[in-house]
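Here is a short report on one protein model. Look over the sequence and the coordinates before reading on.

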Amino acid sequence: MASFENKTMVLCRLCMIIFIMSLFGHKIMISAEFPRFEHPTKGDGTLRFLVVGDWGRKGHYNQSLVSFQMGRIGEELDIDFVVSTGDNFYDNGLEGVDDPNFLQSFTNIYTSNSLQKQWFSVLGNHDYRGDAEAQLSHVLRRIDSRWLCLRSFVVNAEIAELFFVDTTPFVTDYFTNPEDHKYDWRGVTPVKTYTANVLKDLELSLKESRARWKIVVGHHAIRSVGHHGDTQELVHRLLPILQANNVDLYVNGHDHCLERISDDKSPIQFLTSGAGSKAWRGDVDTSNREEVKFFYDGQGFMSVQMTQSDVEIVFYDVFGRVLHKWAMSKNQLHSDM
Ligand SMILES: [Zn+2]
């Protein structure tokens, strides 16, 4: 009898331990801190990179022309890396790791010498319509070592830290009103827990950051006067964290245009670079918001140049012509507020 009770107790304890471990394991899986990457710069106290978004169309819709000009400007600036703001592959992301669209829209398009640098990419909503996990896979990195795409991560580039945030799961409409689209939500459900953990980990990373400049990158705009406009979920949930943690720049794609909008409550500049291929001419909210400093409804890309003390943002069109230039010292940017 005693031995039967002992056995029962041992069994109960075992079940309890397995239960607790499964809870713990689950928690680790969904709330792990952002992976970090070190990207040393040239050692001359500067950081220079290009930003392009919404591009993967096998060279069509002027993707190849934009790529050519990125190569030219990339050479001129001697860039350290390239940032992709998502919607990397149209129309529906990649079908798998062996989808030829990866070569046709990335490897065989961005061929200039100056673009043979690390590319840091986030996923956009179109990427979630395919096999989202394929883009995160090591297999793609073996095919083209420039490729690095994760859901959320941090890049330490010495004078600046870049915080890449997976914004698609924040947008309720994709869940409640998916229309004909199928989204690959593997790895991001339950979505409330997932997005809460993304914000918690982002906040922690921002608070711990000792970098001179803090740049947050996501696919969806916080502020935009383009087709999609502001992303309300990000205005309510993400923006307060950026404002409270001295973020300098928020960089996004999603709207197929180029724009710079100032925040009315903080030094944050909202920079849209989502014009890597197909653009939407004339698709703009003309209500003339005072914070909108620049808007262009054609194709192009953006460059960021930084030193410890200064930042310069330049937007280029499909011919590589400068459309808008904004230069500011860190002190000035933060003293104006
Ligand atoms: Zn998008």
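Which residues does D87 touch, not counting residues up to four places away in sequence? D87 touches G53, D54, G124, N125, H126, D127, H219, G253 and H254. Contact here means that two C-beta atoms, placed from the backbone, lie within 7 Å.

## Model and numbering

This is a predicted model: local features need pLDDT of at least 70, side-chain atom pairs count only at pLDDT 80 or more, and totals for chains, interfaces and linings use all residues. Residues are numbered from 1 along each chain as its sequence is written.

## First annotated site

An unreviewed UniProt entry lists D87, N125, H219 and H254 under "binding site". The four span 168 residues in sequence, yet no two of their C-alpha atoms are more than 8.3 Å apart, so they gather at one spot. UniProt positions follow the numbering used here, feature names are shortened, and annotations may be inferred rather than shown by experiment.

D87 sits in the loop between β3 (81–84) and α3 (101–107). Helices (H or I, at least four residues) and strands (E, at least two) are DSSP runs, numbered from the N terminus. With 30 C-beta neighbours inside 10 Å, D87 is buried. The cut-offs: buried means 20 or more other C-beta atoms within 10 Å of the residue's own, exposed means 12 or fewer, and partly exposed is in between; C-beta atoms are placed from the backbone.

N125 belongs to the loop between β4 (119–121) and α4 (132–135). N125 is buried too, with 21 other C-beta atoms within 10 Å. Beyond its neighbours within four places in sequence, N125 contacts D87, T168, Y174 and H219.

## Second annotated site

UniProt also lists D54, D87, Y90 and H256 for "binding site", again in an unreviewed entry. These residues are spread over 203 residues of sequence but cluster in space, with a largest C-alpha distance of 13.0 Å.

D54 is in the loop between β2 and α2 (63–77). D54 is buried, with 30 other C-beta atoms within 10 Å. Its contacts, not counting residues up to four places away in sequence, include D87, H254 and H256.

H256 is in the loop between β9 (249–252) and β10 (258–262). It is buried, with 26 other C-beta atoms within 10 Å. Leaving aside neighbours within four places in sequence, H256 touches D54, G274, A275, K278, A279 and W280.

## The sheet

An open sheet of 7 strands runs in the order β5-β4-β3-β2-β13-β14-β15, with mixed pairing. Its edge strands, β5 (147–149) and β15 (322–329), each pair on one side only. The twist averages 20° from one strand to the next. Axes are lines fitted to C-alpha atoms, for helices over the stretch in contact, and angles run from 0 to 180 degrees between N-to-C directions. Two strands pair if DSSP finds at least two bridges between them.

β4 and β5 run parallel, joined by 3 bridges. F120 stands opposite L148 in β5. Strand β13 (residues 300–306) has 6 of its 7 residues buried, so it is largely enclosed by the rest of the structure. β13 is antiparallel to β2 (residues 47–52), with 5 bridges, and to β14 (residues 310–317), with 7 bridges. M306 in β13 stands opposite L47, and its bridge partner in β14 is V311. β13 and β14 form a hairpin with 3 residues between them.
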